[in-house]
Amino acid sequence: MSKSFFDLFPPPVFLQMPFVGFSISDTSLRFVSLTKHEHTFVLGDYAEHPFKEGVVDAGFINQPEEIVAILKELKKKYSLQFIKITLPEEKAFVFRTQIPAVSPEEIRGSVEFTIEENAPLSVSEVVFDYMVVPTKNSSEDGKIDVVVSVVPQKVVDSYLKLCSEAGLFVVSCELESQAIARCIVRKDDISSYLILNLERNKTGFYITTGGAVQFTSTMVITPNNLSGLCDEISKIYWHTHGDKKGNVKISKILLSGEHAGHEGVREYIVSNLGIDVEVANVWENVFTLDTYVPDLSYKDSLSFAPAIGLALPFVSSQLS
Amino acid sequence: MTNLLPHAHQVALTKEYKHRRIVVLLSLFIFVIVVSIGFLLPSYILSTVRLTEIQAQEVGARKINEVLQEDNSASSVTLKEVSEKLLFIKTQGDSSVQAVIDLIILNKPADIKIKSITYQSGDDSNEGTIVLEGLAKDRESLTMFKNMIETQDAFIRVDLPISNFAKDKDINFSMDLFGTF
């Protein structure tokens, strides 16, 4: 395979500022680093630190000193400096809206006007970003479809403070749903999927189209309550984002999270709802298992999806 | 991909990257300078050694030049003195003195060698004096030389002290010739 100029003369590591993905959930802290190998990536360092009960509760950090100690330990052990972190889904608002067709420089200003209509927060109290969703009729009706992610400023600050106290430099913050979607949905796949993030004490429901998360909802439904899970899927699948709306037609349900690999979960949903369900491959955009097998088991890797999604290099051109 | 990093942090990140870029460029610059110095060092050492040699040669040449200049000045002085004497003889000297000296030299026997001729001109009250110093082979040749001089009209009186005859051979003599020259 031919080598590019930068393969032969790579920029110095000091300038590349290599980063790792950190996922902070209610139950644990996980990190993953990917190492470039020829034209793909392979699994580098990874670690998981479970939290004691109550350290993080529904995305709210109760005991920051516990997390800072873990971050410091990981920083020292793995010589970490730059990191990407996930922000809690429960504290975020993700909505799809339309704004007037304006120049790219003016989109952010237009999006700002839509925040208070769609989230119970004032613009001055939030951190937001958006992604333009290409649609068939966008140029004709003079509107642009955007997916907006909004998180309260104090939530972002609390997570950034943890990292700065541990001596880590944050290069990016993403919602857990976005990191998971980037990890398990193939880069060039434009289909719509319902992603179920099955955690120990909650379940995240994310609808993604072309890798962009357009809807998120987090409910306190444990994987033990499979009937409740099916009811919620049914609501979202058929009534909220079904074929009736036209824009989003969910083609498949993807399971991720630490309980996604439990036996019977996939089969239960398939048999009850008759929908195509698949346990996600978290290495979808990293490498093929034909060429490289990581030393992390498939079942364990499902809980690392947000961290792997963060550790993937930035590829989108739609970032504002 | 959406990035929910606050604007202030994004600015800080950009600044950090710019700082790193400056560090890399400066490191590259320093590396180039160090390598250049490494490559130029042998040339510098060689040129320094060569400079020292040339300076030493210059000092040596200057000393030689000074010595030559001193010699030249000494020679110049000698030449100047000779020129002055010749000029004096030409301009100031009496033609009769030359004739007397020619007479002495031309009539001198082969056994007599004259080392020096000293002339002191006379005036109205004193006679002129020529002092001859030389080496005679023996008493006979010295006596013969004295007699030959005495026969010449140019000389009024010839003084040859008796002490000149103390030795038989190789006699260093001094003879005073008086006359109106």
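In the predicted model, 15 residues of chain B are in contact with 30 residues of chain A. The two chains bury about 2,100 Å² between them, and 71% of this area is on carbon and sulfur atoms. Of the area that chain B buries against chain A, 45% is supplied by B:Met1, B:Leu4 and B:Arg20, more than by any other three residues. On the side of chain B that touches chain A, nine residues are nonpolar, three are polar and three are charged. No salt bridges are counted between chain B and chain A. Polar contacts between the two chains amount to seven residue pairs, with both residues of each pair at pLDDT 80 or more.

Over all chains, the count comes to 21 salt bridges. In general terms, side chains of opposite charge can pair when their charged atoms come close. One of the salt bridges joins the side chains of A:Arg96 and A:Asp145, with an N to O distance of 2.9 Å. A:Arg96 belongs to strand E7 (residues 93-100) of chain A and A:Asp145 to strand E9 (residues 143-152) of chain A, so this pair ties together parts that are 49 residues apart in sequence. A:Asp145 is buried, at 6% relative accessible area, whereas A:Arg96 is partly exposed, at 26%.

A further salt bridge is formed by the side chains of A:Asp129 and A:Arg108, at 3.6 Å from N to O. Here a strand is tied to a helix: A:Asp129 lies in strand E8 (residues 126-133) of chain A and A:Arg108 in helix H4 (residues 104-118) of chain A, so the parts tied together are 21 residues apart in sequence. The relative accessibility of A:Asp129 is 2%, and the residue counts as buried. A:Arg108, at 34% relative accessibility, counts as partly exposed.

A:Glu278 and A:Lys252 also form a salt bridge, in which the closest N and O atoms are 2.7 Å apart. The pair ties together parts that are 26 residues apart in sequence, because A:Glu278 lies in strand E15 (residues 277-279) of chain A and A:Lys252 in strand E14 (residues 250-256) of chain A. A:Glu278 is partly exposed, with 35% relative accessible area.

Beyond these pairs, salt bridges link A:Arg30, A:Glu48, A:Arg200 and A:Glu258 in a network.

Definitions and conventions:
Residues are numbered from 1 along each chain as its sequence is written. Chains are lettered from A and ligands numbered from 1 in the order in which they are written. This is a predicted model: local features need pLDDT of at least 70, side-chain atom pairs count only at pLDDT 80 or more; totals for chains, interfaces and linings use all residues. Side-chain values use heavy atoms; hydrogens and water are left out. Contact means heavy atoms within 4.5 Å. Buried area is the accessible area (1.4 Å probe) that two parts lose on being put together, summed over both. A salt bridge is a side-chain nitrogen of Lys or Arg within 4 Å of a carboxyl oxygen of Asp or Glu. A polar contact is a pair of N or O atoms within 3.5 Å; within protein, one must be able to donate a hydrogen and the other to accept it, and residues adjacent in sequence count only if both atoms are side-chain atoms. Ala, Val, Leu, Ile, Met, Phe, Trp, Tyr, Cys and Pro count as nonpolar, Asp, Glu, Lys and Arg as charged, and the others, Gly among them, as polar. Helices (H or I, at least four residues) and strands (E, at least two) are DSSP runs, numbered from the N terminus. Buried means under 20% relative accessible area, exposed over 50%, partly exposed in between (1.4 Å probe, protein chains only).
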